Amino acid sequence: MGRDYTVLHAADLAANLPAESRCMCAAEPALEWDRQDHLLAETVNMLRILVWAQTKDGQKGRNRPKMVEPPRSRTQVATRKKKEQLSADDYKEQLARIRKG
């Protein structure tokens, strides 16, 4: 890597990056939002519900507004896609692979 930094030093730096760094956000999309972003999304969602509840559709429970959702983690997305396809044996095999790695 050069004269000043070794590969191990670079690996140590990468392993200790803060959660809001670009590298960590690229690796895990759920880290893109901080606490303030989550609170703002919740505020928007509650306002949408309040406005909707005062309409005729809201009083009859129709056409509920879409909510702002935070980014999902890669594991949540992968689990959601494979949830119906995974048998019990496949699940045990996947857990065994995780333990070996």
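Is R62 buried, partly exposed or exposed? R62 is partly exposed, at a relative accessible area of 40%. Here buried means under 20% relative accessible area, exposed over 50%, and partly exposed in between (1.4 Å probe, protein chains only).

1. **Basis.** This is a predicted model, in which local features need pLDDT of at least 70, side-chain atom pairs count only at pLDDT 80 or more, and totals for chains, interfaces and linings use all residues. Residues are numbered from 1 along each chain as its sequence is written, and side-chain values use heavy atoms, with hydrogens and water left out.

2. **Salt bridge.** The structure holds 1 salt bridge (a side-chain nitrogen of Lys or Arg within 4 Å of a carboxyl oxygen of Asp or Glu). It joins the side chains of R62 and D57, at 3.2 Å from N to O. D57 is partly exposed too, at 26%.

3. **N63.** N63 is not a glycine, yet has a positive phi of about 50°. N63 sits in the loop between α4 (56-60) and α5 (74-82). Helices are DSSP runs (H or I, at least four residues), numbered from the N terminus. N63 is exposed, with a relative accessible area of 59%.

4. **Helix α3.** Helix α3 (residues 35-53) has 19 residues. From first C-alpha to last, α3 reaches 27 Å, close to the 27 Å expected at 1.5 Å a residue. That expected span is 1.5 Å times one less than the number of residues.

5. A41, N45, I49 and W52 are the buried residues of α3. They cover an arc of only 75° around the axis, which puts them on the same side of α3. The arc is taken from the directions from the helix axis to the C-beta atoms. R35, Q36, L39, L47, L50 and V51 are exposed on the other side.

Methods: Helix = DSSP H or I, 4+ residues; strand = E, 2+ residues; numbered from the N terminus.
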